[in-house]
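Here are my notes on the sheet in this entry. Please read them alongside the model.

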Amino acid sequence: KLPLVRLTGSPEEIGAEHGTKLSDRIEKAFELYRTKLFSQWTDASLKVTSLAFFERIQEFSQEYALELKAIASHARRELWEVIMLMSRTEILRSSTPNECTSLYFKESRILGQNWDWVEEFENLAVIFDVTRQDGFRFLALGEPGFVKIGLNAAGVGVCLNILKCQAPTGGIPVHILLRKVLDSTSLNEAYHAISAAERAT
């Protein structure tokens with residue numbers, strides 16, 4: 001149920017592989033979100049909202065912006081559709097808080113979490129094994145269209161707790177920040193990358 005998807009290279013190459021290998025899953029994920037969770041939205045309003053998040057992502061990281069463009073292009077999707085998947089937590093405004101919960105055991109250094117989400121996504125999730133152009137590597141659980149939680153070669157791991165949020169959201173989508181942690185070579189680097197970012201949720 002959780003296939004291993006290996007991605008390697010530059011941001012464009014990683015995105016191209018992601019989009020090509022997971023195009024069918026990306027299409028199914030988009031349709032699920034569109035019909036099940038965003039049915040009250042019009043395509044026009046979803047597009048405007050998603051592209052506004054893309055502008056913030058692009059300012060935060062040109063590399064992530066290039067990767068997302070490549071995912072969309074090679075999955076044969078419009079850019080806003082992939083960004084909608086990436087920014088779904090912010091678009092939903094965490095209105096469904098009974099989702100993910102993480103646990104950490106300090107003595108044994110075990111980090112883990114449940115992934116309590118829409119049942120249909122269980123057959124769409126994958127494990128990403130990503131090796132960047134510089135050789136740095138991480139493993140991550142994710143839905144098609146974005147990485148989610150994981151552990152990198154420097155020993156930095158990241159999980160996610162969902163909390164209810166009624167306030168309007170802007171800033172950088174949480175899944176981009178999770179990816180930034182996975183790309184960090186130390187806990188200090190990860191912490192400063194997040195603390196310096198305008199956070200959406």
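1. Terms first. Two strands count as paired if DSSP finds at least two bridges between them. Helices (H or I, at least four residues) and strands (E, at least two) are DSSP runs, numbered from the N terminus. The model is predicted: local features need pLDDT of at least 70, side-chain atom pairs count only at pLDDT 80 or more, and totals for chains, interfaces and linings use all residues. Residue numbers start from 1 along each chain as its sequence is written, and side-chain values use heavy atoms, with hydrogens and water left out.

2. The sheet is open. It has 5 strands in the order E1-E4-E5-E6-E7, with mixed pairing. Strands E1 (4-9) and E7 (157-158) are at the edges, each with a single partner strand, so one side of each has no neighbour in the sheet.

3. Take E4 (residues 126-132) and E5 (residues 137-142). They run antiparallel, joined by 6 bridges. Asp-129 stands opposite Leu-139 in E5. The two strands form a hairpin with 4 residues between them. Gly-135, in that turn, has a positive phi of about 95°.

4. Next, E5 and E6 (residues 149-152). Their pairing is antiparallel, over 4 bridges. Phe-138 has Asn-152 in E6 as its bridge partner. This hairpin has 6 residues between its strands, and Gly-145 in the turn has a positive phi of about 105°.

5. E6 and E7 run antiparallel, with 2 bridges joining them. Gly-150 is bridged to Val-158 in E7.
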